[in-house]
Amino acid sequence: MSPGKAQQPTQVNPTAQSVKEKELLKELQRIQGRGTLPDTRTRVLEQPEGRAWRQFHQVTLRWIGAVAILGMLGLIVLFYLIRGSVRIEGGPSQARLVRFNAFERFVHWMTAASFVVLAISGLNITFGKELLTPLIGPAGFAEWSQWAKYAHNYLSFPFTLGVVLIFLMWIAWNLPTPSDFKWVAQGGGIVGSKHPPAGRFNAGQKAIYWIVVLGGGAVAVTGYLLMLPFYATDIAGMQLAQMVHGVVGLVFIAIMLAHIYIGTIGMQGAFQAMGGGEVDVNWARQHHSLWLEKQAKKGRVRGAAPAE
Amino acid sequence: MARMKFLCDADRCIECNACVTACKNENEVPWGINRRRVVTINDGKPGERSVSMACMHCTDAPCAAVCPVNCFYTTADAVVLHSKDLCIGCGYCFYACPFGAPQYPKVGNFGSRGKMDKCTYCAGGPEADLTPAEYGSRDNGQFTGYGSNRLAEGKLPICAEMCSTKSLLAGDGEIIAKILGAGGPPRLQLGRLGLADGLPREHRVVNDTGRAAGANPAPYSSPPHGGNCRIREAKECQRAHRSGSSSPHCYLGWPPCSRCRPARRSSPRRSIQPRSR
């Protein structure tokens, strides 16, 4: 190998293959190379998916949230105006029975209270700056958002614990049964006075249970991925986690608005179940007749003998 | 009004990381944060290219659009800056940025993000210019400030100044685009295009206190070597022009200053010739 051979011009012309900056900026795929810094994320030169994520977060997610939440509020108001509050047939009696014990009520309220704060602080991230900055100014809004973020991060733990306990506590009563299909077919008795029989939880409540468990699980998993950034995912994973967290969260809020409505003003005698734990027998006969029969057989009904 | 931009010529970048080091030093960037980074594509293969990348100071900045607390703002020079006081460390700016410019010291709760930090075009932040509050200090691993504010002193970002091959250019977008687009070594182009101002800092007009002349000095106001030129620069200029180069411009691409022009009255010696007696 003579030294002269090394002097030959190469067949490759690197300059001809060089990329103009305009092409780099028009590229739609992630461009990744090699780098010398210890942080491996610096190897990515360009990730154009950020553009798509921006469009989703600023436009699409807000539409989803507005339609879901405002739409649900509108439906609830309409329903109340048309149907009104569902009254107990025959009026409240003196006989009562225990529906939820202390532990169940504790878990529910821990989850519910966390959910409300999580919902408000979460909505603040997506909608807050347009709605609140004109009221409290940018510095005030940033301070409020900082504390909202802390609340969101720390209350995620009792919320997740609550979801897990709810799953374990009530799984036995939330598996589908034949009475559920009849209940759904009759629309749950929501219109008219004919009320289909139901067990401890009717099909609507079972739907809420599974939405809470699966939806709550989804927001919990994606939320922890967001809270511990890049621990288990790369940038694409983080963007996906944020999108799932946002969509599931907003739909969750909309559904919980309906749940809160029906448990408070939507149905007479319903709040007592989770409030004090005991419910009226007439209410139980109207909405959960199969459950009432079982409880009566076990001798758990207190007070005057049930009328009719 | 000038729109400040960065341009990196991938053909000239040699991955020396001088820009990275200069930035980290000048702005005392904390450990783990890399405002500027060099990425090498096709490493070891023909067509290997390196690019120095930091914040691109976008016109329609995605980081500013997605920030939940609107902590970003754009200066009159089209530099995108942000306020660490308003930042809540949510990380959305990093998801949206196509270039990965926002960085976070991992000092937030649960070891997650703290206040976002990014390339400021050496233009500081919302605090008053050139104050210690703006420069910042270490506070529990978090850098509370924004680093040096060179733009307020009429200087360009240190990364572009330090670039060993002049592949990273910073300045008015139109001017540096012309330099890059003209092809060939940027130094010669500067003279050819009549763009004798704006680049290397040692040729900028400065007065005795070392601060740029004028309130908001545009780096492109007047040619160097006029009037208040520092002695060091003139000496360098004289050396360049007396070197016998056949080009009318010195090796840095500048036309000769008034002090040097007398030295150029005689035509350059093209070859060694015996002196006539």
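1. A polar contact is a pair of N or O atoms within 3.5 Å; within protein, one must be able to donate a hydrogen and the other to accept it, and residues adjacent in sequence count only if both atoms are side-chain atoms. The side chain of Arg113(B) makes such a contact with the side chain of Tyr95(B), at 2.8 Å. A polar atom of the Arg113(B) side chain also lies 3.1 Å from the backbone oxygen of Cys90(B).

2. Some ground rules. This is a predicted model, where local features need pLDDT of at least 70, side-chain atom pairs count only at pLDDT 80 or more, and totals for chains, interfaces and linings use all residues. Residues are numbered from 1 along each chain as its sequence is written, chains are lettered from A and ligands numbered from 1 in the order in which they are written, and side-chain values use heavy atoms, with hydrogens and water left out.

3. Is Arg113(B) buried or exposed? Arg113(B) counts as buried, because its relative accessibility is 8% (buried is under 20% relative accessible area, exposed over 50%, partly exposed in between, with a 1.4 Å probe and protein chains only). Arg113(B) sits in the loop between helix H3 (92-96) and helix H4 (132-135) of chain B.

4. Chain A has 10 helices and 5 strands (DSSP runs of H or I with at least four residues, and of E with at least two, numbered from the N terminus). Of its 308 residues, 41% count as buried.

5. Three strands of chain A form an open antiparallel sheet, in the order E4-E3-E5. Strands E4 (278-280) and E5 (301-302) of chain A are at the edges, each with a single partner strand, so one side of each has no neighbour in the sheet. E3 (residues 96-98) and E4 of chain A pair over 3 bridges (pairing needs at least two DSSP bridges). Arg96(A) has Asp280(A) as its bridge partner in E4(A).

6. Now the rings. There are 17 aromatic pairs over all chains (Phe, Tyr and Trp rings, the six-membered one for Trp, with centres within 6.5 Å; planes under 30 degrees apart are stacked, over 60 edge-to-face, the rest tilted). Trp147(A) and Tyr150(A) are one edge-to-face pair, at 5.4 Å centre to centre and 75° between planes. They are 3 residues apart in helix H4 (residues 102-170) of chain A, so about one helical turn separates them. Trp147(A) is exposed at 55%, while Tyr150(A) is partly exposed at 29%.

7. Which chains does the pair of Phe230(A) and Phe94(B) link? The rings belong to chains A and B; their centres are 5.5 Å apart and their planes at 85°, so the pair is edge-to-face. Phe230(A) is partly exposed at 21%; Phe94(B) is buried at 9%.
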